[in-house]
Amino acid sequence: ELQPKVVVAENVKGLLLGEAKSYVRQIYREFDLAGYYCQHWLLDASKMGVPQRRERVFFIAMRKDLAEPFMEQVDMFTVLPKLKLEINEPEIPFKDIKHNDEGKECTWEGKWMWDKIQFGSYSKVHPKKQYFGAIKVNPNDVCPTVVSNTGSELFDYRENKHLSKQQLCQIGSYPLDYNFGILQFKYLIGMSVPPVMTAQIAKQVYEQWLSKI
């Protein structure tokens, strides 16, 4: 209905794996029928100024009637609007995240594993390899992906506590005073594309396409 000049859509990395690739083909078909040239990229937020490893697939489409000045030969059979997303910001390790003491102390049954592992997944020390999603964050690495479900939790390496709201806001590239409304902050950060990641993509789309239309 709106027919915007450019469309940016996002989905999980798994869309590029196995039988899920059929959905990618369907997405391309629907964009084509709607009058757009579509391309996709697999991007990692940790390379884009976000202190979190988070891979997501981005579909970026330009309306066909605007695309002629930007077209290039991609391969023998494909011509598409030229767009380069070569963003390679320095990684930000977890130790650079501002720390406070707001993190909620761990009270769940698996808290005993915190002392038994240096860094990484609790499944390494669990006798049945359970609690794969519970992770003691390595200060020298980029923080793992924040997820929304309660079965996956990130713990500080300094003390047996869940990461605080302040820490998760930084990891998700949200302002520290962001108003999450009625939603839990961990849920929204785990469900959303980091704002800085989105801004990096928008900047490139504007500079390479929109500013020249």
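These legends walk through a few close-up views of the structure shown above. The model is predicted, so local features need pLDDT of at least 70 and side-chain atom pairs count only at pLDDT 80 or more, while totals for chains, interfaces and linings use all residues. Residues are numbered from 1 along each chain as its sequence is written, and side-chain values use heavy atoms, with hydrogens and water left out.

View 1. Rings of Phe, Tyr and Trp (its six-membered ring) pair if their centres lie within 6.5 Å; planes under 30 degrees apart count as stacked, over 60 as edge-to-face and the rest as tilted. By this rule there are eight aromatic pairs. Elsewhere, Y174, Y178, F180 and F185 make up one aromatic cluster.

**View 2. Lysines over rings.** A charge sits over a ring if NZ of Lys or CZ of Arg is within 6 Å of the ring centre and within 35 degrees of the ring normal. K136 places its charged end over the ring of W114, 3.9 Å from the centre. Likewise, K64 lies over the face of Y37, at 5.5 Å from the ring centre.

View 3. Helices (H or I, at least four residues) and strands (E, at least two) are DSSP runs, numbered from the N terminus, and two strands pair if DSSP finds at least two bridges between them. Strands β4 and β5 (residues 78-81) are antiparallel partners over four bridges. Two residues lie between β4 and β5 in this hairpin. Look for E72, whose bridge partner in β5 is L80.

View 4. P69 belongs to the loop between β3 (55-63) and β4 (71-75). This proline counts as exposed because its relative accessibility is 68%. The C-alpha atoms of P69 and E207 are 14 Å apart, although 138 residues separate the two along the chain.

**View 5. Two residues with positive phi, K129 and S173.** Neither is a glycine: K129 has a phi of about 60°, and S173 has one of about 65°. K129 is found in the loop between β6 (120-121) and β7 (134-136), whereas S173 is in the loop between α2 and α3. With a relative accessible area of 56%, K129 is exposed; S173, at 15%, counts as buried.

Note on methods. Buried < 20%, exposed > 50% of the residue type's maximum accessible area, 1.4 Å probe, protein only.
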